[in-house]
Amino acid sequence: MPGRTPVASRATAVFAYGAAAGLAVDLVLGDPRRGHPVAAFGRAAAAVERRLWRDHRGRGALHTAVCAGGAAVAGALAARAVRDSRTASAALTAAAVWAVVGGTTLGREARAIGGALAAGDLEVARERMPHLVGRDPETLDGPAMARAVVESVAENTSDAVVGALVWGAVAGVPGLLGFRAVNTLDAMVGHRSPRYRRYGWASARLDDLAGWPGARLTAALAAVAGAPDGDPRGAVRAWRADAGKHPSPNAGPVEAAFAGALGVRLGGTLSYGGRVEHRPVLNGGGRPVEVADIDRAVRLSRRVTWLTLAACVGGRILTDTVKRRTK
């Protein structure tokens, strides 16, 4: 009808089409085997670290600002260069989404380890574990590896998919690239080793802040997506009861919700780089993780991914509607 007010703004349409296309490409292709943009960013960040490193929080904050800020600025410049073309803007968004999300590769790696565990080949499973988790595989038996994989699928659904889409919905391509940069910096320098206890502090805190909305959305959608082969109410119960027990403010809600949705027990003793940690048990009333739960976790992660896209697009449309009505 002539003169009809559009439901969504141009920016919202660009994000919706671009994000859907980017997720579709990721679904078909997964991560590129060579020349991955995140790997290139990691090399650049490592080069900056070699120039800046001191055992000092201020130097670490500068490192974070240069690397994360640089990624966001690059995204802003690229978006500005194509802003006059809706098609080019959507294509850029699709490319950015494909570059920063990793849901398909996450699922492939998890299922590869699950396949090795199902076949009883623990050595092959241990060889593949470093592709997915940072724990010492030699210290893990079969059940412990299965548990670690489920925990990693849960946490990376938030870090590698949901968080990026949330910030893409908020800030477009700069949000997508900036979030992935922050998340990558946290993985590189945000841990509490002697070298990075001070230098990585800013990256770790910024990652906590940037990941906060995505982690809560992931937990909520894990409850919504718990059916048909899970327990939505169990996800909510575990989230409310156990999320605060986890040392990470963002991994806690996600892992607890996944544990409850899958009906399994997560957490417990683990080892990172020779350092043993005793983490609280999440969803203590659940059963131990079995190999088949890896595939269930991957399916849950995929449902959460597409629900996130719907939620982000819906949120943008709602925002557009409110803005029009308040003008």
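**Entry 1: α1 and α5**

I looked up how helix α1 (residues 10–29) packs against helix α5 (residues 103–118) and found an angle of about 25 degrees, with the axes 7 Å apart. Helices here are DSSP runs of H or I with at least four residues, strands are runs of E with at least two, and both are numbered from the N terminus. The axes are lines fitted to C-alpha atoms, for helices over the stretch in contact, and angles run from 0 to 180 degrees between N-to-C directions. The angle makes α1 roughly parallel to α5; under 35 degrees counts as roughly parallel, over 145 as roughly antiparallel, 65 to 115 as roughly perpendicular and the rest as oblique.

On the α1 side, I listed Asp26, Leu27, Val28 and Leu29 as making the contact, and on the α5 side Gly103, Thr104 and Arg108. Contact means heavy atoms within 4.5 Å. By class, the contact of α1 with α5 holds 3 nonpolar, 2 polar and 2 charged residues (Ala, Val, Leu, Ile, Met, Phe, Trp, Tyr, Cys and Pro are nonpolar; Asp, Glu, Lys and Arg are charged; the others, Gly among them, are polar).

**Entry 2: basis of the model**

I recorded that this is a predicted model, in which local features need pLDDT of at least 70 and side-chain atom pairs count only at pLDDT 80 or more, while totals for chains, interfaces and linings use all residues. Residues are numbered from 1 along each chain as its sequence is written, and side-chain values use heavy atoms, with hydrogens and water left out.

**Entry 3: α8 and α11**

I then turned to helix α8 (residues 201–224) and helix α11 (residues 292–326), whose axes come within 9 Å and cross at roughly 115 degrees. The two helices are therefore roughly perpendicular to each other. The crossing of α8 with α11 is right-handed. I found Leu217, Thr218, Leu221, Ala222 and Val224 of α8 meeting Leu300, Val304, Leu307 and Thr308 of α11. This contact has 7 nonpolar and 2 polar residues, and no charged ones.

**Entry 4: the whole protein**

I noted 11 helices and 2 strands, in the order α-α-α-α-α-α-α-α-α-α-β-β-α from the N terminus. The C-alpha atoms fill a box of roughly 65 × 50 × 35 Å along the principal axes. Of the 327 residues, 47% count as buried (under 20% relative accessible area, with exposed over 50% and partly exposed in between, for a 1.4 Å probe and protein chains only).

Terms used:
A crossing is left-handed if the near helix is turned anticlockwise from the far one by less than a right angle, and right-handed if clockwise.
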